[in-house]
Each structure stands twice: as C-alpha cells, then as structure tokens.
Amino acid sequence: MNKLDKQYQELLQDILDNGVEKEDRTGTGTHSVFGRQIRHKMSDGFPLLTTKKMAWKVMVTELLWFLRGDTNIKYLVDNGCNIWNGDAYKAFKSTFSPMPGIQSSLPSQDEFINKIKTNNEFAQKWGDLGRIYGAQWREWIGFEQFDNHAETIYVDQIANLIRNIKENPDSRRLMVTAWNPSELHQVVLPPCHYGFQCYVSDLSPLEIIDQAKKDGLWKDTIPEGMTLGELQKDFKTKKLSLMWNQRSVDTFLGLPFNIASYAALLCLIAEEVGMIPDQLIGNLGDVHLYSNHVDQATEQLSREIYALPTLEFSNVNLLDGEFDFEVKDYKYHPSIKAPISN
C-alpha cells in the first residue's frame with residue numbers, strides 16, 4: 001500500500017483545516033502549521049507522489065548539482081532544471097544597474113536565463129547563488145588554530161559522512177549541515193532543508209537472506225571449499241536510514257521534491273557504503289500552503305492513490321556526483337500547475 005501519498009494528502013488537509021494565515025517574504029501569504037513529520041519505509045517503494053506527475057529528472061538533476069558542490073545555475077538550466085531561476089533573477093534584479101549605450105533596461109527573466117545559457121562570462125558573474133547547499137556539503141570553510149596563527153580548512157561533509165558510516169556505523173555524529181550562520185548573508189536564499197542525519201542498524205538473519213536472494217548472491221549450498229563466513233562477506237548485513245530537517249516547507253511545490261530528493265540521496269549513500277535503504281524521515285518546521293495553491297491542493301486531495309514506483313541506480317560514484325538511474329512502474333495522475341513564489 002502507498003502510505004506516502006496518503007500521508008501527504010493528510011498533511012494537505014491538516015493545513016487546510018488548521019492552518020493559520022501568515023505573511024511571508026514573497027508577499028503571497030500562506031496557510032501555515034508548525035511541527036509535522038513524514039515517515040516512509042523504502043521497501044514500500046520509491047516515494048514519488050502518484051497523485052500528480054512528478055518531474056523526477058529535474059529532482060535528480062538538482063541532487064547531482066548539490067553533490068558536485070556546484071552553486072551556479074548554469075549546470076541546472078543547461079540540463080533542463082529551472083527551479084532556481086527565479087531566485088537567481090531576483091538577486092540579479094536587486095543589483096542591476098543599466099550600462100549606458102549597452103543595456104538601458106532590465107532584461108526579462110527569460111532574457112536573463114538565455115544569457116546564462118549562452119554567455120559563460122555572464123553566467124559566471126550572475127548565475128552563482130552564493131554558498132548554498134553544494135558549497136556547504138562539499139566545501140565547508142573553517143579554521144584550524146595553531147600556536148600563533150590560524151589556517152583555512154575546507155571540510156567535505158559528504159566524504160566525511162561516507163567514511164564515518166563505513167568506519168563507525170554506530171556513531172551518533174553521522175550528520176551533514178547546510179546552515180552556516182556566518183555565511184547566510186552570502187546566499188540568495190537561506191537553506192530550507194538545512195541538515196540531515198544517518199542511522200545504521202543491523203538486518204535480521206531473514207532480512208540478510210532475503211536481500212542476498214534479491215542480489216543474486218544466495219546459494220542453496222555453500223560452494224565447495226568456501227566457509228559460510230567467507231560467503232557472508234558478500235552479503236549486505238546492515239540497513240541505513242536518513243532523517244532530514246526543514247525549517248520552511250512549501251508543501252504543494254517543494255515538499256514532494258524534498259521527499260524524493262532525500263530518498264534518492266539515501267539510496268545513493270546506501271549503495272556507496274554497501275547497505276540497504278531503510279527509513280526516510282522528514283522533520284518539518286513551518287509547513288505551509290501558499291494562498292494561491294489552495295485550489296491545486298484541493299484538486300490533489302480528490303485523486304486516487306496508485307502504487308509507488310521503483311528507482312534503480314547503477315554506476316554510482318557519489319563523491320564525483322555521478323550515477324545512472326531508471327524509474328520503473330511509475331503510474332501517476334496529470335501534473336497540477338501552480339505559481340512559484342520567489
């Protein structure tokens with residue numbers, strides 16, 4: 001049974017029933033509740049909502065962008081991902097100054113994005129969003145104090161996470177954060193989903209055997225000359241869970257992407273460390289519907305829930321931000337258009 005869509009519909013209804021009206025930085029206005037949670041067991045399927053079509057290729061492109069440590073939208077727009085265009089254009093508008101004889105009026109957003117695509121110098125200057133997710137995940141800037149001086153150090157949080165999961169799976173410090181108070185003034189938008197934590201637990205003997213069968217490793221008899229202990233070295237014996245924290249939740253447009261993106265990240269990390277993806281948990285702070293998304297949410301609430309698809313990864317090289325993927329058996333309702341508030 002698809003419990004993910006059901007949870008999501010219940011959250012939409014909760015906001016419609018209990019949300020309070022609040023103003024916001026975009027001027028749109030929201031209906032808001034505080035402190036909610038999404039929980040999903042990955043063995044139930046990959047959590048792409050079925051009550052509306054999800055642009056999963058766009059989601060994967062953004063995740064690749066994060067993992068590569070990139071903060072410039074050129075990679076995104078070159079690969080058909082436009083979800084950060086409005087934020088980049090808003091930052092550009094705030095600093096735009098006409099150049100006499102060259103540019104006398106503000107370019108439209110479409111003209112701005114076209115210049116990002118076609119003019120590398122322009123893209124380098126105006127396409128960068130500051131030290132947002134990719135920079136914090138892959139190149140957190142810190143300092144190491146010596147006797148009489150301090151040196152700058154760069155912390156690759158994703159690489160550290162992978163190493164720590166492998167070396168100390170019981171650690172309670174398997175964490176990555178994107179919330180860097182000293183650099184919030186350098187970003188076009190402070191991170192909405194600001195950190196995540198991983199948790200490792202043991203598979204039961206039956207779970208080990210079941211997974212070994214799925215992986216094609218289980219044998220009815222132990223190969224001649226091989227001990228059971230040697231055979232078990234090829235088995236996955238642990239499962240990995242991931243919990244992310246989010247301060248601000250655009251429930252209609254953003255949250256479905258956040259769920260799928262962190263599910264994909266969980267699968268990728270699990271593949272990298274040789275474990276099974278288990279629980280995905282989202283802790284949600286200000287959970288809101290924009291006032292111009294109410295009709296769309298009501299439409300989605302009326303829709304039948306389908307079975308969840310599966311998402312398969314191969315050729316995973318997480319630290320280089322490279323992998324192949326395929327979505328299978330994705331049955332969905334038509335997409336529901338809604339305006340983005342920047």
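Six strands make up an open sheet, ordered 1-2-8-7-6-5, with mixed pairing. Strand 1 (20-22) and strand 5 (175-177) sit at the edges with a single partner strand each, so one side of each has no neighbour in the sheet. From one strand to the next, the twist averages 20°. Please keep in mind that this is a predicted model. The points below start with the sheet and then move on to the cores, a helix pair, a hairpin and a few backbone details.

**The sheet and the helix packed on it**

- Strands of a sheet pair through backbone hydrogen bonds, in either a parallel or an antiparallel way.
- Here, strand 2 (residues 30-41) and strand 8 (residues 276-290) are an antiparallel pair, with 11 bridges.
- Within strand 8, the residue opposite H40 is L280.
- Helix 11 packs on the sheet and touches strand 2, strand 6 (193-202), strand 7 (238-250) and strand 8. The direction of helix 11 makes about 155° with that of strand 7.

**A glycine in strand 2**

- G35 belongs to strand 2, and is partly exposed, with a relative accessible area of 44%.
- Leaving out residues up to four places away in sequence, G35 touches L284 and G285.
- For a distance to check in your viewer, the C-alpha atoms of G35 and P191 are separated by 17 Å, and these two residues are 156 apart along the chain.

**Nonpolar cores**

- The largest nonpolar core has 85 residues, of which F46, W137, I165, F196, L242 and I269 touch the most other members.
- Helix 11 (residues 254-273) gives the most to this core, contributing 14 residues.
- Which residues does L242 contact, beyond its neighbours within four places in sequence? The contacts of L242 are F196, Q197, C198, Y262, L265, L266, I269, Q279, L280 and I281.
- There is also a second, separate core of 5 residues, with L203, I208, F235 and I276 among them.

**Helix 4 against helix 5**

- Two packed helices are described by the angle between their axes and by the distance between those axes.
- For helix 4 (residues 85-95) and helix 5 (residues 109-118), the axes come within 10 Å and cross at roughly 100°. Angles of 65 to 115 degrees count as roughly perpendicular, so helix 4 is roughly perpendicular to helix 5.
- On the helix 4 side, N85, G86, A88, Y89 and F92 take part, and they meet Q109, F112 and I113 in helix 5.
- Sorted by class, this contact has 5 nonpolar, 3 polar and no charged residues.

- Strand 9 (residues 310-317) and strand 10 (residues 322-328) run antiparallel and are joined by 6 bridges.
- The bridge partner of L311 in strand 10 is V327.
- The two strands form a hairpin with 4 residues between them, and G321 in the turn has a positive phi of about 65°.

- Most residues other than glycine have a negative phi, which gives the next two entries their interest.
- N315 is not a glycine, yet has a positive phi of about 50°. N315 lies in strand 9 and is exposed, with a relative accessible area of 60%.
- D329, also not a glycine, has a positive phi of about 60°. D329 is placed in the segment after strand 10 and is exposed, at a relative accessible area of 68%.

Key. Residues are numbered from 1 along each chain as its sequence is written. This is a predicted model: local features need pLDDT of at least 70, side-chain atom pairs count only at pLDDT 80 or more; totals for chains, interfaces and linings use all residues. Side-chain values use heavy atoms; hydrogens and water are left out. Axes are lines fitted to C-alpha atoms, for helices over the stretch in contact, and angles run from 0 to 180 degrees between N-to-C directions. Angles under 35 degrees count as roughly parallel, over 145 as roughly antiparallel, 65 to 115 as roughly perpendicular and the rest as oblique. Contact means heavy atoms within 4.5 Å. Ala, Val, Leu, Ile, Met, Phe, Trp, Tyr, Cys and Pro count as nonpolar, Asp, Glu, Lys and Arg as charged, and the others, Gly among them, as polar. A nonpolar core is a set of buried Ala, Val, Leu, Ile, Met, Phe, Trp, Tyr and Cys residues joined through side-chain atoms within 4.5 Å. Buried means under 20% relative accessible area, exposed over 50%, partly exposed in between (1.4 Å probe, protein chains only). Two strands pair if DSSP finds at least two bridges between them.
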